[in-house]
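The exercises below concern pairs of charged side chains. Work through each one with the coordinates open.

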Amino acid sequence: MGKHYFTQQQIEHLQNNKYVKRVSEKSITYTEEFKEVFLIEYNRGKAPTLILKSMGFDCQALGRKRIDNIVQSIKKQSQRPEGFKDTRADTSTSSKYETADYTTEQIITKQNAEIKLLRAKVEYLSVLTKIEKERKKINSK
């Protein structure tokens, strides 16, 4: 069983996905935002394929093995002290919106996605806080 290569059409489709940082015929690098949203949805009990479809990915093009690897990789990265931050050598230290030639519409889209992510994080933390308070009540009885 060999590697699953992307076609040029699939590469172009993936390059247009806001959650893709880089893509080649052999691999995809996902954004930190993708990993955060994916983990939140996964922890809510949503299936990986449903999460990926809702984020604009073609699960058939990704393939089962790559989807399984995404799940394992995100779980592992979430446990690291640096989290989802890309630890590979990065020559750019400027703003994520300054490093690419984004149109105003693309910047707004990215910022709206970031706002949505932050709201989901706040909701997730709120739920965790409630659960922790309830757990403490039960344990103190």
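**Exercise 1.** With which residue does Lys46 form a salt bridge, and how far apart are the closest N and O atoms?

*Solution.* The model is predicted, so local features need pLDDT of at least 70 and side-chain atom pairs count only at pLDDT 80 or more, while totals for chains, interfaces and linings use all residues. Residues are numbered from 1 along each chain as its sequence is written, and side-chain values use heavy atoms, with hydrogens and water left out.

Step 1. Apply the criterion: a side-chain nitrogen of Lys or Arg within 4 Å of a carboxyl oxygen of Asp or Glu.
Step 2. The partner of Lys46 is Glu41, with the closest N and O atoms 3.9 Å apart.
Step 3. Check accessibility, where buried means under 20% relative accessible area, exposed over 50% and partly exposed in between (1.4 Å probe, protein chains only). Glu41 is buried at 18%, whereas Lys46 is partly exposed at 30%.

**Exercise 2.** Find the salt bridge partner of Glu36 and locate both residues in the chain.

*Solution.* Step 1. Glu36 pairs with Lys121, at 3.2 Å between the closest N and O atoms.
Step 1. Glu36 lies in helix α2 (residues 32-43) and Lys121 in helix α6 (residues 104-140), 85 residues apart, which links distant parts of the chain. Helices are DSSP runs (H or I, at least four residues), numbered from the N terminus.
Step 2. Glu36 is buried at 18% relative accessibility; Lys121 is partly exposed at 28%.

**Exercise 3.** How many salt bridges does the rule give?

*Solution.* The count is six.

Note on methods:
Helices (H or I, at least four residues) and strands (E, at least two) are DSSP runs, numbered from the N terminus.
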